[in-house]
Each structure stands twice: as structure tokens, then as C-alpha cells.
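Dear colleague,

Please find below the structure that I am handing over to you.

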Amino acid sequence: MIVFCSSKLLVATLAMASFGHPLSSQQVGDASPLFLIGDPDGHAAEFGLVREGYSAFNSSFPDPVVFQMGQDSARDWPFVHPSHRDTWAGGRAHPFTIRFSSAARQERPLYLLIGIVGAHSTEHSKVTVAVNGVALPVQTAPGGVMHPVFDPHQRGRPDTMVFPVPAGMIIKGENAISIRLDEQSWILYDYVALTQDREPLKIHPRAQPNLIGSLLANTVEKRSRVVFAVRQPGRDEHWYANFSYYAPDEKSTTYGDGGRLCLLDLESGELQVLLDDPKGGIRDPKVHYDARKILFSYRPGGSTHYHLYEIGVDGEGLTQLTDGDYDDIEPTYLPDGGIVFVSSRCKRWVNCWLTQVATLHRCDADGNGIRALSGNLEHDNTPWVLPDGRILYQRWEYVDRSQVHYHHLWTTNPDGTGQMVYYGNQTPGVVMIDAKPVPDTNSIVATFSPGHGRTEHDGSIAIVNPAAGPDDPGAVEMLHGGHGLRDPFPFSADMFLVAQGSQLVLLNRDGETQTIFSLSDQDVEAGLQCHEPRALRRSPREFVAAPRSDLTQDTGQLILADVCEGRNMAGVERGEIKKLLVIESLPKPINFTGGMEPLSYGGTFTLERVLGTVPVEPDGSAFMELPALRSLFFVALDENDMSVKRMQSFLTVQPGEVTGCVGCHEQRTKTPTTRYDLTALRHPPSKIQAIEGVPEVFDFPRDVQPILDRHCLSCHGYEETPLGGPLAGSMNLSGARGPMYSHSYFSLTVRRQFSDGRNLPKSNYPPRTLGSSASPLLGKLDPSHYGVEVTDHERDLIRLWIEVGAPYPGTYAALGTGMIGGYERNQIQRADLGWPATQAGREIVGRRCSGCHSGHLVLPNSPSDNRNMPPWDIRYGDIRLRLSRHILYNLTEPAESLLLLAPLAKEAGGFGLCKEDFSNPQSAPAEVFASTVDADYLGLLAAVRAAANHLDQIKRFDMPGFRPRDAYLREMQRYGILPDDLGPEEAVDPYATDRAYWRSLWYRPSDQ
């Protein structure tokens, strides 16, 4: 039986029908296809991968595509066919094969028609069709429109590739036709047909679904109305950057002007504007349970902050609820009468960008009683109440793991207790946001914004059913794989309202869409878009969860049932873990770029405080008292205080909360063995035991470098010594300053002498693969390593420095300062290219060094030349790391720069490292500079001294006279940490200022 796979052209012939009996032209058009996959309608929406999106090709089609006529449906044929340049599909060819049966040999020529609706506009692949293994002449795919790859429901631009199939190539019995793309990029399918006529199939316009008619027919309301906001989208490419200002300049804002709060009658199409402010901004409307008023966030024209407001559905009674020097956004009503929202009152900045953070807060119905619910360092977003009373929201976090991969769905009680992952924390690479419960189901609908998220959360619409647990990839059903949708609101289990640019769109469970409202051309030209549509209708209050917090307390309690219970704990013996190291991730008061520099080189974005340790009982249990509303995580330690297992997420306890966890990274879907005799519960909760003699926050030059100076420089410094110096093993542990880091810090990092989470999309590592146990540096602090003997205290300092992410500075005041070739908004700063000494040095390097140093061996030609290797893109083993600017330029002692010592003859006091063939260690020396009076040597020395002199002027955090950047001081004044009348030359202690800032954020009961 032959099954024609379009829903409109679904035809079944008798089981004995053959290809010699084609369908009539009245059935499928003039081309009379012998088989047809898809519907010739100018769309790709009937094919597979449409809901998941093109980037899910490898996961949705892990095996070669083989389509069996008569068995498979159009959903088994991907709408996109990738090629070699499509890295999202593995960067290789993917043959698609059609298998079919013919009752007889076909003695006349046939034609394979490949109807396309789009293709890469510039990268045109070679297309090879093979019939029963015999290739037909290769053709080049035409260029096409590209928008349907992002939204296959949109009409494309139809085109057809025609491949003549000679007579006799289709044989009696089983046949196979394969389609393969090579060299360039993708095409998008409209249909594939085997016909007797070379003419393309006639394109039949696709019938538009009447979704609004279906919605209105099933509504129980007398009127079906929708409230939504109109405003400009955020000016930033990041999904969260749509309020407040950029760090370097408070006059540079992330938002544009123009805002309206609108009410649309779906039946009549009548639009009512409840509030219009051409110079302001309006966002995040939420309809009250009684449908008589609307809660929203509003920035009146002439003001700079969004605050919470209410207005009647008739446009009357505008009332301001919150105020202050902060932004309050994304509010929703709580069933207990309060309001939950997100706010920049948390006083912190995105760890990897130039904008402010907003986290979960709540307040009373009148806007009073504001308090924080979250200790997150990064954004919480789009809270919404679930039927059981919990708040569903998006939480972005990265504790020593990738900053762009983990922003998933979490839940909390309305008082902030019971914070728990809902879905996705082991599924990196998508922002799950705008989530809301779907009526009459146990599922939620959400926007899946791809990668690190797009402006205003633009993405695909997905249904998530977490019944199988928060890590089950099968829990997600994509409704629409286009990336231009956002803010879904569920009318029912089968109908959803979404915003799409300047339009409001209905979306059904089958992925079909219908536009129900569009802004005017004038609005579109002004940059306005539709946002946050919600139905204006009454709704029942959700379950009211009883409070579990006690605001008179400043701590909470955590019970750990069994530290050995969990995933990826193989090899950990019971009793092996003796204690937990408690570490706090510390918020940033300001930030200036998307990388982690200068806090680390490719690793941590944050400073972390060592709070101390709590004991783990022999049965694996622990019971501890923790400070409330702080971002905390644990490292499990053995009897030698070495790391066994490390958290890469954080937890927060509310004041007075008593909560617990099963184990260390436990299975969320596994029912634990109930135990009532936990040893840890036989005594009061353990207080965190501070570690004597250890700084709360580590600073590499202050705390670690002196240990290296005492025990390592005799071999790994610049001086020749009987013990192996200079630079034994090519390891430089001098504290000399490079353009951004010290030589020792850079060397320890790129030689992988410590193990931290780095900036990688990985978590839940096997035991002893992160931290002190996996760090070679600790093994070298031992007499077995050339007689090195450190004290226990020195070893503890190195060990704990590694456990807190191995930072370079110990103060956030270092951000955006003291760097030559640093990064501002991810753009490298190369002001040194304007210095005459640098220009002369660049010429010398090019003339004297480029003969040997070419390709990857090219030397940096100035202190800002990063050789296309920014700190967030370390390529371990790359020879460019050995020739990095961070190690060649010595800005503490310019004459000891490797840029000068390596080519200088040993007789003249240099290292004489340059060789005729750099790649051959046995190659003869190449005498570049015979003496220190060589004019070019002196020119290079002058170039390094110019950089050193500049560093002396701009100051690094560990240099006398250092003063933080003005924007850091501005924010510390705004937070009340520094006085408003701080003089321009007045000294500021950055370490003390940081400490005062962090302590100002600690929760304190109102009576303290």
C-alpha cells in the first residue's frame, strides 16, 4: 500500500497497486506524481523537526534518515536537510533515503522533484541524488529565503530542483532513492515527488486555520478579551537586559521610549488603550483573580525606573505600589493576597555582563513589606503561581560552570522556602522562561529561548510534563520550533496566546498559528512590539501554602540524610566523607564585560568566601545551621580535607526555614529509604566552624604568591640557581605582572595545575575530579617534589584557594581596571597601539622575529595582542599559550621580559632560547640579539617600559595607590556603602568596601 503523507492528499491505493498506475491529475495536480512526501503548499510545517527546531536535528534524528513509503508519515522526514557547514548538525553530510516498492520495472524516464521553500542564501550545497546506488548528475542547490528555517510555519519562496531518472533505473520490487548535500549548507523541503512529468508540482495555497473561531466557540466568558503591553524591546542582545542602565554610564539605558497597556476584544477586534505613555515604558501585565484590575510594571515618561502599578480594567484608578532607586518588574498576584515580583533591590550586577540583576521579592498588596526571597547572584525571572501554590520561575546560575548554559525552571514557596529545580538543570543550552501552568493538565507551557537566550526571551514554545523527573529529555513537547515567539499564555490545554514581534498570535497544540492582532506600520517603524498577552478573565485562587519561614531568625537549618546517596558517587565509601566545606558565592556590585577577567583566566566569574566546615556523621548524615538568604554551596571533604565531591549549584535557606536533601546530587525521581535515626539529628544543628588563619576571600598576590616565592622561585623564577632555575620545566612562578595577570597565575592556569569547574557546560562530575584532590599543584607541595616542604598552614591556604575557584584578585574593585588589553563589553582595548614606543616595538617584532615566528608561532606584537585567544577561550595545548602576551611581557621588571630574554644571547645575560627551527628542540640556537646595546633590543625594551609605565599610572588592584573605577564607587555610594561626598582623591580600601557591601546584603530581622 502506498501512503501519501500530506494530510490533505492522504491517499491509499490497493495493496497490489504499482507505479505504472499513477494517481490522476485531479488528485494531485498536473504533475501526476508516482509518490509524494509532503504537501506542495509553500510551507514546511508538515515535516519532522518543526516543533523541535532545526538545532535539534542530531538529537531528533540520531540515525540516518530512511523514509519507508507506505509506513512513515511526513513527520519522519526532517524539514531541513543539513550539510557540511551546519555545525548544529555535526558539520557533515546527511543522506536522506526513500525506500519504496514498484510492481514493475519503469521503462520510461521519470523525474525526481525536490520542492524547496528555502535554502541558505549564500552557501549553496552540491546535491547528489542516487537511484538504487547509481548517482545522477550533481546539481547545485539554488539560493533561497532563510526565514523558514527559524519558523517553518512561515511561507517560504517555492523553488524546484528537477533530477531526470533514466528509464529502467526503477526496478521491479524494492527501490531506494537517496538525497545527499555536500560542501555548503542546508535546504528546506516543501515536498519530494517522483513523477512522469518534469514540470514542478502546482503549489496549492495552504488553508489558514480558524483558531480564533475555535477559541470563541469554546469560551465560557461572555466576552473574550486580552490585555497586553506595547513597548520597544530591550536594546541589548541579551534576554535579561531590558531595564536600568549600563555599568560604565548611567545615562546609557537598555530600554527605549514608548509604552501602552492595551485591551483587545477578540470577537470584535476592538482595541482599547488603558494607558499610553510615549516617553515611558509598560510591561508585564497580570490580571487579578476577580478580573477587575491589572497589575503591571510601569516607567513613567521622564523617569528611569520601573515600579509596580495597578489600574482598573476600565482604565481608571492608576495606583503606584512601589518606588525607590530600583526596578521592580514581572509581578504576579499571590493567592495569599501578596505580590511576587523580581527586583534590582538585590543590589548586584550580572556576573558576565554590564547590566543589573533582578531576583525574586515579594510585598503586600499595597506595595509595603518588601523582602527578598532569593539569594541568587544572577537573574530570577517570570514568576507565576502553580495550582499547588508554589511559584514557578526561571533561575539563572553558574557556580564554577558555564555562564551561558544554565537558566532553567525552578519552584519555591511564596515565602521563599523549599527552593527546588522543576525542570532542566542538567540540560544545558537553552533558556526556559515565561512558564505557566496549562489548565486541566499537570504540564506547563514555556518559552525555550535558544542558547543563551535572545532579546526579550524570543524562542520556541514548549510543553513540559515533569512527571518523569526534572532531567528527563522526553518531558518536552515542542509546539512550535520557530524562534520568534514569546510570552505564552494558555487559554486551554489546546490553545495558547503568544507574542511574535509586532503581532499577537494564537497557537494550537498542532503547532498551527493565526495572527489575531498587528500593530500599525507607524508603530512598527517606531520600534514598538507586542509583549506579555494575558486573557482578561476571572480565575480561582491557587492553594495557599502555609509559611515555613520565621522572619525573627537570621539563620535556617539544613538536614542532609546521606552524603553517599546520589548520582555519580561510585567509589565513595561510607565514612570516607568527614565534613562539608561551606562556601558562599559573593554578588558583584558592578561589572564591565562578558568575560571573567581579571577574576580568573577562563574560570570563575565570582569571588567565593570560605565560611568554614560542618561535620558529617559516620552514617553520612549532617545537620547544620546556615545563614539565611545567602548563596551557599558545599565541597565534601575526606579525612585529609581533600575534595571528594563538589556542588556546582547553590542553595538558599530562608530565615527560620528547616529543610533537607536526600544526599549529594541525589536522583530526583528515586524514593529514598526512610530513616528516622539519623545520627546528625541526635544533637542540635552544627554551627559552621571557621577555619583559623584563613582569609574569608582569597587574593592570589596577597595569599598565594608569597608561598610560591618562598618555595618555588629557586627553580621557577628568572634567576639561574643550583636548583634548576631559571624557569625549570618552562614553568614561570614569578609574581611579576603581565598585561592582565601575574606570570605565576597565568602559568598555573594554562598548565592546569589546579582543577576547578572552568567555564564549561558540565556538572555533577565523578568523585575527586574537581578541586584539591584533582589539582597537581598540591602534589608538588611535598618533599617528593625536589624537597619542597611547606607548612600545614601554607598547604591549607593553597588547598582552600583552589576550592574557592582559584581567583586572581580578592576584590571586585579590580573589575575593569589595571589591564592593558583588557575587555570592555567583550571588545579588546588596544590603546597601546597609539603609543610611539609600541609602534616601534611592533615594527621590530615584525622585522626581527617573523622569519621564524609565523602561523601559530607568531609573537604578540604589543601587550594588548591576544592572538585571538581571549581569556574565556583557552585552548589547552595550543602553542600560542607558550607565546602569550601574558607571559612574554614583564611589567614589573621590563628587562626580565621573556620577549627580551629569549632572543638575547646567554653571554649577554639572556636565555638564548631562540632556535633556527622552533619546532625542533635540538635545533641550533638562533642569535637574535647578541648584546643589550643592540638598537632593536633597546627598542623592544622601550616598548615594554612604556607598558610598565602605563600600568604604574592606571594601577592594578595589588599596587600601591590603587583606586577603584568611578562606576564601582558610584554604585557603592548608591548602596550606601561609601559616603556621597567622597573626594576625587580620597583613598578607598577596596577590600574593606567589598566586605561592607556584602554584609549590607545579609538578612537581619527587623528588630536587630
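**Pockets**

The lining of the second largest pocket comprises 21 nonpolar, eleven polar and 14 charged residues. Here Ala, Val, Leu, Ile, Met, Phe, Trp, Tyr, Cys and Pro count as nonpolar, Asp, Glu, Lys and Arg as charged, and the others, Gly among them, as polar. Please note that this is a predicted model, in which local features need pLDDT of at least 70 and side-chain atom pairs count only at pLDDT 80 or more, while totals for chains, interfaces and linings use all residues. Residues are numbered from 1 along each chain as its sequence is written, and side-chain values use heavy atoms, with hydrogens and water left out.

The volume of the second largest pocket is about 1,000 Å³. It is lined by 46 residues, and those closest to its centre are Pro 439, Phe 489, Pro 490, Phe 491 and Arg 537. At least two lining residues come from each of α4 (211-218), β17, β21, β25, β29, β32 (476-490) and β36. (On a 1 Å grid over the protein atoms alone, a pocket is an open set of points with protein on both sides within 12 Å along at least five of seven lines, a cavity is a set where a 1.4 Å probe fits but cannot get out, and lining residues have an atom within 4 Å of a point; points are joined across faces, edges and corners, and a volume is the space filled by probe spheres set on them. Helices, H or I of at least four residues, and strands, E of at least two, are DSSP runs numbered from the N terminus.)

The largest pocket has a volume of about 1,200 Å³. Of its 44 lining residues, Ser 730, Arg 882, Leu 898, Ala 902 and Leu 913 are the closest to the centre. The elements that contribute two or more residues to this lining are α8 (743-750), α11, α12 (885-888) and α13 (898-901). By class, the lining of the largest pocket has 25 nonpolar, nine polar and ten charged residues.

**Cavities**

How many cavities of 30 Å³ or more does the structure hold? There are twelve. The largest cavity holds about 160 Å³ of space. Sixteen residues line the largest cavity, and Asp 284, Glu 330, Thr 382, Asp 434 and Arg 534 are the closest to its centre. Two or more of the lining residues come from each of the strands β17 (281-287), β21 (328-333), β25 (380-385), β29 (430-437) and β36 (529-536). The lining of the largest cavity has ten charged residues, together with four nonpolar and two polar ones.

**Helix packing**

Helix α11 (residues 836-849) packs with helix α14 (residues 935-954) at an angle of about 135°, and their axes are 8 Å apart. (Axes are lines fitted to C-alpha atoms, for helices over the stretch in contact, and angles run from 0 to 180 degrees between N-to-C directions.) The two helices, α11 and α14, are therefore oblique to each other. (Angles under 35 degrees count as roughly parallel, over 145 as roughly antiparallel, 65 to 115 as roughly perpendicular and the rest as oblique.) In α11, the residues that meet α14 include Ala 837, Thr 838, Gly 841 and Ile 844; in α14, Asp 936, Gly 939 and Leu 940 are among those that meet α11. (Contact means heavy atoms within 4.5 Å.) Seven nonpolar, three polar and three charged residues make up this contact.

The axes of helix α6 (residues 700-711) and α8 come within 10 Å and cross at roughly 80°, which makes α6 roughly perpendicular to α8. Phe 700, Gln 705 and Leu 708 of α6 are in contact with Ser 744, Tyr 745 and Leu 748 of α8. The contact of α6 with α8 has four nonpolar and two polar residues, and no charged ones.

**Backbone features**

The peptide bond from Glu 597 to Pro 598 is cis, with omega near 0°, and Pro 598 sits in the loop between β38 (579-585) and β39 (608-615). Another cis peptide bond runs from Gly 725 to Pro 726, with omega near 5°; Pro 726 lies in the loop between α7 (713-716) and α8. Asp 440 is not a glycine, yet has a positive phi of about 65°. Asp 440 is placed in the loop between β29 and β30 (444-450).

With kind regards
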